[in-house]
Number of protein chains: 4
Amino acid sequence: MRKHAFVFLNAAIVIAAFIVFRAQAQERTEVVFPNIKGYKTLACDLHTHTVFSDGVVWPTVRVREAWRNGLDVLSITDHLEYLPHKDDVRPEFNRPYEIAKPEADNLHLMLIRGVEITRDEPHGHFNAIFLEDCNPINTPEQKDAVRLANEQGAFVFWNHPEWKRKDGKAWCGIQQEYHDLGWMHGLEVFNARSYYKNAHQWALDNDLTLMGTTDIHSPIDEAYDYARGEHRTMTLVFVEAETPEAVKEALFAKRTAVFANNTLVAREEWAAPLFEAAVKLQTTDISLKGKNAFFVPVHNHSSASYELEANGRVRGVSFPGALRLPAGKTVMMRLQGGGGTTSGQEKIVLPYRVKNILIAPDTYLEIAFELNVTFCE
Amino acid sequence: MRKHAFVFLNAAIVIAAFIVFRAQAQERTEVVFPNIKGYKTLACDLHTHTVFSDGVVWPTVRVREAWRNGLDVLSITDHLEYLPHKDDVRPEFNRPYEIAKPEADNLHLMLIRGVEITRDEPHGHFNAIFLEDCNPINTPEQKDAVRLANEQGAFVFWNHPEWKRKDGKAWCGIQQEYHDLGWMHGLEVFNARSYYKNAHQWALDNDLTLMGTTDIHSPIDEAYDYARGEHRTMTLVFVEAETPEAVKEALFAKRTAVFANNTLVAREEWAAPLFEAAVKLQTTDISLKGKNAFFVPVHNHSSASYELEANGRVRGVSFPGALRLPAGKTVMMRLQGGGGTTSGQEKIVLPYRVKNILIAPDTYLEIAFELNVTFCE
Amino acid sequence: MRKHAFVFLNAAIVIAAFIVFRAQAQERTEVVFPNIKGYKTLACDLHTHTVFSDGVVWPTVRVREAWRNGLDVLSITDHLEYLPHKDDVRPEFNRPYEIAKPEADNLHLMLIRGVEITRDEPHGHFNAIFLEDCNPINTPEQKDAVRLANEQGAFVFWNHPEWKRKDGKAWCGIQQEYHDLGWMHGLEVFNARSYYKNAHQWALDNDLTLMGTTDIHSPIDEAYDYARGEHRTMTLVFVEAETPEAVKEALFAKRTAVFANNTLVAREEWAAPLFEAAVKLQTTDISLKGKNAFFVPVHNHSSASYELEANGRVRGVSFPGALRLPAGKTVMMRLQGGGGTTSGQEKIVLPYRVKNILIAPDTYLEIAFELNVTFCE
Amino acid sequence: MRKHAFVFLNAAIVIAAFIVFRAQAQERTEVVFPNIKGYKTLACDLHTHTVFSDGVVWPTVRVREAWRNGLDVLSITDHLEYLPHKDDVRPEFNRPYEIAKPEADNLHLMLIRGVEITRDEPHGHFNAIFLEDCNPINTPEQKDAVRLANEQGAFVFWNHPEWKRKDGKAWCGIQQEYHDLGWMHGLEVFNARSYYKNAHQWALDNDLTLMGTTDIHSPIDEAYDYARGEHRTMTLVFVEAETPEAVKEALFAKRTAVFANNTLVAREEWAAPLFEAAVKLQTTDISLKGKNAFFVPVHNHSSASYELEANGRVRGVSFPGALRLPAGKTVMMRLQGGGGTTSGQEKIVLPYRVKNILIAPDTYLEIAFELNVTFCE
């Protein structure tokens, strides 16, 4: 059998060559959002699965997908309790992290150790990330699991809160208890493509971090078609430094924005600067002569396309009732004078609401474009 | 622990709902090639890997990819000897097939049981497909493995023959011996994107079946970008019926064409009718008046785009020196009279070679378009 | 100056070579809809503009666009009365046709001579197509124009009926008069991307032909992004032969379906066979065992994607509440038994409405899939 | 007839509304190249046609295309002598500029007045841009045309020098004479997709400005498929200010780079900083332990994709022989130590040639990546 072992070794070397070739052939599409308020903006997916629970890919696949999709931070969070592959894949809760880590290091991707605590309703599923050791979290009693995660200093968030209970009553005694104990720090307002509106309100009412994740089980390209302009769900985290500690600090401090289905869900204090730093008028000094039109170029330097709707009127100036700002593109905003006999300079403010930035349930970010207008007869 | 088990059960039901939703959202892009000579044309990938050897996806992923990519037949052929995941995934050589089979049945995809016999050079790697049981093939002695596969009636082909030996001398004593014993029935002229030119000649010289496979280890979308018009490597098999037995019969009978990198590699007896049935002139009666042009629409009803190059001249008629026939599209072939004083009818033949249909190494399929020309003064 | 003239001639020859090269490089994407009820289905755009009125392209551009977009029939219908380029382009109402005709002949595209009669509201705009001579239609009196077009045997249709009057009262005395006189044969239910719902009802109430056109003024690629899956607005006409006479006959006989924004608008007698001939279940014999699922492949062989919504229930079988059938693709319809103890065979009918096929305002085509089910315990 | 005239007026207003709507719907894809050496980089197409000579679009179309394609500067240069539409379109050489100017002003696009002087070989075609008045240039004698353009201060360049004479002898007496007189300031090394290699050398030998243009006659989307990643041919001009005067000064000063077919043609003094400012290693401090790999992310912030080929070796470090840097993406450069016993720090330089940046015929730009390597045992 010696020779046999030798065969394995050779094969290992050769096949490694294959894998390296593919790694080089791949490319990364950056997620583009501005840094704001002195913080760096990181793109994170903190809820994903592999063959070690009910996912269908090897942990290294998650790393490479994340890198190609422009993420900065990834957590693999396999179920502790739901292990449909356990006859074939040995259950070992730290293995996904251990297998993925060297690939993450190669690709300079930050990998966070995590698990999904998966219990029946009304408890539901919770992710615990920034763990030191996943094994102790696997306990018979559900509350022990959440307690032990907290004792490891984990950031704990409630997954897809309204997935199985859509009557607006998913927040039950157990969630209240966790919240009172300080054991639950965030919740998913977006899981994959599903938005949880009541959960959004609970997060605001209870001062929880807004999270968005893919919860991806399949290869990512089965779920999100980048070629058609789709993007994976993610949480933008505004950090002081590119370290796991800083990401954790930012999550506990609720400095996040969720980006899913080309929609941003964030507290206004993060949503407003994010929009303002991304969208720029390329001219703010305009002149309107009679009823002539003037076109203002508007550039959107971000990975989100924004849908704007006028939110008021301005005397003597007409401007678009709706404005679409495609990601990475420049469009023209057409202004037109009223043809009055007014002349002189004036500062005007065009009020819009951004229909795909939610600062609360059913509440859109309101923004304003300031312009200096010279009216000519 | 009773309750615990109950939790698992519930979770299983719920998560199944997730998976079903995704299956419905998916779509299949048919591989379009004509049926020829009374045979049905099936698209097959007979060399793929999963986490059960050195691949990185679960067996069901291979099935769903194959279905989405328009394949009719799939074989998962994990390595018997190279098992880098064996500390985490229990080696069990029939498991990939068993796990994939229900999904294949759901998607009406034909799944063939197979393995890859993976030995050091000069032996190299062989695929054995149409096995009843993969376990017995895992033997210490390499020749035993190939012998036992044959004893199960397997179709055995040599994988990437020139992968590690590019000097044209990869065909060694062991291959000759297998060939003499009737144990080697085909070889890969295309493995993923690599074409093996010497191997192509060996296949013709030794009457072996021409094979093309992806040998895919990663999720398929990492390797082939369908959005940019790429396609996975495959073998077209011309069968009497859509059954495993009929596929096996066709493979032994060498009724195949390899489709890779938008190139077809096939014996002329299959290449010629494949082209002729796919590419149609929509008008064959044309009139040429003086030096005026006449445009003939040419429609290509297949998934391959063809690159044609004129292969001769026709007196009194000029026609395109190069002609590109994109997959599924219609283009115009521009003919022009010489302006001679000839009048009357004539049958002409426009000779072309198809630069991306190889009937032998460096030898392209030659075709002819027949037209009835009326010359007018 | 002789030599000078010679220079022009040479330049003409050389530049022609350029144009020919480009023609060959172009490709046609066929519009795919089935022939139905013994008629051939032609794709037609019968309302387009050029620099000869307020369009911005030369007539040959319209021909080449139409060919590339898979149309069979085109009419250029420049305004008689609105001529903003008249200082630079000589008004001559037959010229667009005359200039476009040789290119249309080259590309085997049927070109129909037409004009747009462009008068103020409440009259509005009318297209007159199948004219012999456009010049006589250019009269001071608006009714004379429509009368003279009719005297030439033209097919006359009302363009964008509700464009300037959205209160549902655009049908005024003049339209009633034209209708009573038999001078108005159709109306546009779709002009470019705008659907006119009241007009749709007027067409049904008054037995008028349903028309859809691009009314394109710009280069077509500025208005329809084929790369993102968009398509130009068109009228499908069901003809007895591929001749102008047959197209005219079919239009007068109201054998049309409008295809715009991936929506079909047609009378049920054409909508139903169009859907039925395009969408096929690839298996109709299914077996349901307990609560197991069975997947039925559904192939859509047409250029429209269909959006289906379940329109009822079937005892003992659950089936998708919504089903998307992408153009040219195959998807899976998942059926599931109720787990009853029934066994035996049964014919079932799955009722759906097609949300993007309108047979009347707010009224969708209803279809049914028939299946033979074998229930097993 | 009074009422009739009134109708026209109304129609004009309504149709204008249509056009405005479309303008808003459009989007601009920026051409991304860095500003270098204190100059701003402008994207220019200085050779285009309209219906006023042998083009097939209205002048405003050229403006809108240029804007959508991310250009900063456009010149419409219709032929003076080749006027195939002259029976329909009144020849008036300043009209294309006059018609296009208001649209250019709306879109903040710089429009340059120009013409193409179009004479027989060996003279060939010359563009004269930055004219005050195009009419005087239309003279019977070809040399007069070029002289008069120069007297207006025009920048004059030779179009597609080798289009009709491919034997390397197109530079004849007349070109030499223009050059000696200082009347010819640049030449096209790229016209549309054609590269003129000898002309490239002539430009270098005779100190002429390198130009690249589309010479577009059709709608731009017929010639360049942006959806498939193609881009229109253009000249990058490095200017001191965004004014016509500054563009003219830069052209006379030969501060250009030609971008065509994803290839850059430029003098090394512009090519080198253009590449260096666009392509950045995201890490330059690396550590190599034994034979382990280290991956360096390389980001390309420009609209060109670069193809690199290693141009030498580095002792003790292996690095990719070929490296593709897709436009706007990040890829990984894999380095590997030689496994020697060396330890300590070292500055290394990886030498590459950029296969699609030509600084002279057959001569590629050579670049180097500097890295600080820490070797560990």
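Two residues are in contact if their C-beta atoms, placed from the backbone, lie within 7 Å. Chain B and chain D do not touch in that sense, and their nearest C-alpha atoms are 7 Å apart. The model is predicted.

**Chain A: overall form and domains**

- Chain A contains 9 helices and 20 strands.
- The C-alpha trace of chain A spans about 95 × 55 × 35 Å along its principal axes.
- Of the 377 residues in chain A, 47% are buried.
- Counting contacts in chain A between residues at least 6 apart in sequence, 66% join residues at least 24 apart.
- Two domains are assigned in chain A: domain 1 covers 27–261 and domain 2 covers 279–376.
- The centres of domain 1 and domain 2 of chain A, taken over C-alpha atoms, are separated by 38 Å.
- Between these domains of chain A, 10 residues of domain 1 are in contact with 6 residues of domain 2.
- On the domain 1 side of that contact in chain A, helix α6 (residues 197–205) gives the most, with 4 residues.
- The side of domain 1 of chain A that touches domain 2 of chain A has, by class, 6 nonpolar, 3 polar and 1 charged residues.

- Chain C and chain B are in contact, with 20 residues on the chain C side and 20 residues on the chain B side.
- On the side of chain C that touches chain B, the elements giving two or more residues are α1 (2–25), β14 and β18 (330–337) of chain C.
- The largest share of this side of chain C, 4 residues, comes from β18(C).
- By class, the side of chain C that touches chain B has 10 nonpolar, 5 polar and 5 charged residues.
- The same surface serves both copies, as 100% of the contact residues of chain C recur in chain B.

**A four-stranded sheet in chain C**

- In chain C, an open sheet of 4 strands runs in the order β12-β14-β18-β16, with antiparallel pairing.
- The edge strands of this sheet in chain C are β12 (279–281) and β16 (317–318), each of which pairs on one side only.
- β12(C) pairs with strand β14 (residues 293–300) of chain C in the antiparallel sense, over 3 bridges.
- Val279(C) has Asn300(C) in β14(C) as its bridge partner.
- Besides belonging to this sheet, β14 and β18 of chain C each give two or more residues to the side that touches chain B.

**Helix α2 of chain B**

- Helix α2 (residues 59–68) of chain B is mostly covered, with 9 of its 10 residues buried.
- The buried residues of α2(B) are Pro59(B), Thr60(B), Val61(B), Arg62(B), Val63(B), Arg64(B), Glu65(B), Ala66(B) and Trp67(B).
- The cover over the buried residues of α2(B) includes the strands β1 (40–45), β2 (73–76) and β3 (110–118) of chain B, together with the helices α3 (95–106) and α7 (220–223) of chain B.

How values were computed: Residues numbered from 1 in each chain as written. Chains lettered and ligands numbered in written order. Predicted model: local features only at pLDDT ≥ 70, side-chain atom pairs only at ≥ 80, totals over all residues. Pairing = 2+ DSSP bridges. Nonpolar A, V, L, I, M, F, W, Y, C, P; charged D, E, K, R; others polar. Domains from an automatic or database assignment. Buried ≥ 20, exposed ≤ 12 C-beta atoms within 10 Å, placed from the backbone.
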